[in-house]
Amino acid sequence: MSEANAEARKVARPEVSGAAARAARPRLGVFKFASCDGCQLTLLDCEDELLGVAAELEIAHFQEGSSAVAPGPYDLSLVEGSISTPEHLERVRRIRADSRHLVTIGACATAGGVQALRNYADAQEYLTAVYARPDYIETLATSTPISAHVPVDFELRGCPIDRGQLLEVITAFLAGRRPGIPDHPVCFACKRRGNVCVTVAHGSPCLGPATHAGCGALCPTYGRGCYGCFGPAATTNLPALLPLVRRDGMSDEDIGRLLHTFNVTAFTAVEERELPRTGRQEGSA
């Protein structure tokens with residue numbers, strides 16, 4: 001090839017240096033509020049798949065994985081944890097302003113987490129009982145999901161989230177499409193795995209009919225009833241489910257404790273919508 005032809009090819013198809021290609025990658029930020037860090041760790045647990053993600057994204061802010069962080073803006077931000085302090089309120093608004101897309105990950109970020117149990121108690125009373133100097137503690141009276149304070153583009157459920165679903169969410173936003181996350185109950189996953197129903201076969205109380213799928217029916221696969229760590233599914237029928245779990249040996253107090261854990265605010269909202277006050281179990285908010 002002549003030098004003139006080679007030069008013409010460079011003009012028609014300019015070569016992009018490795019540095020320029022890296023600079024053009026979408027930027028990912030991963031942030032934490034009140035939580036246990038388990039959902040962030042799910043990203044690290046992707047292991048081999050994480051290498052592919054890192055090749056397509058610039059991981060600009062992820063303090064669980066690296067102390068090297070870069071300021072926004074970010075094309076996609078993954079946010080774990082609930083809003084529990086005044087500082088959280090200010091920071092989540094800054095993150096939202098710096099993010100093209102914001103996805104909340106895990107029960108804390110999508111429903112307030114187990115720490116939202118304080119929403120139904122006197123937080124100040126607990127502060128006084130636990131801390132010698134409660135005046136040093138800056139906290140809000142409630143623990144709330146991210147969506148209560150800023151617009152959220154997608155919510156990924158779970159405690160912790162499922163790594164396959166996390167990879168689907170990241171891939172979907174890279175491709176500019178809606179994530180293909182199912183919103184059906186855990187019972188669907190049990191059928192797909194060929195599980196024998198633990199309630200029908202063994203009389204084990206199970207929240208599978210009311211719980212959002214995503215875990216792959218992990219607990220029923222090993223003979224344990226679902227306990228709702230992915231929160232309520234889009235369609236639930238608590239008035240039909242509660243008599244079954246009572247029949248299988250759960251007291252009203254047990255049912256209250258089962259519903260009011262990782263996703264207490266989400267399940268409480270379902271109870272208030274579907275059950276009259278007189279029909280709700282003891283221990284309900």
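Of its 22 residues, L78, V103, I105, L156, L166 and I170 touch the most other members. The model is predicted, so local features need pLDDT of at least 70 and side-chain atom pairs count only at pLDDT 80 or more, while totals for chains, interfaces and linings use all residues. Residues are numbered from 1 along each chain as its sequence is written, and side-chain values use heavy atoms, leaving out hydrogens and water.

Several elements supply at least two residues each to this core, including β3 (74-80), β4 (99-105) and α8 (163-175); helices (H or I, at least four residues) and strands (E, at least two) are DSSP runs, numbered from the N terminus. The most comes from α8, with 5 residues. Another core, of 20 residues, lies apart from this one, and L241, L258, V270 and L275 are among its members.

Now follow the chain to helix α9 (residues 186-193), where V186, A189 and C190 are buried. Seen down the helix axis, the buried residues of α9 fall within an arc of 105° (taken from the directions from the axis to the C-beta atoms), so they line one face of the helix. They pack against α11 (218-221), with contact meaning heavy atoms within 4.5 Å. On the other side of α9, K191 and R192 are exposed, that is, over 50% relative accessible area. Just after α9 comes G194, with a positive phi of about 75°.

Methods:
Buried means under 20% relative accessible area, exposed over 50%, partly exposed in between (1.4 Å probe, protein chains only). A nonpolar core is a set of buried Ala, Val, Leu, Ile, Met, Phe, Trp, Tyr and Cys residues joined through side-chain atoms within 4.5 Å.
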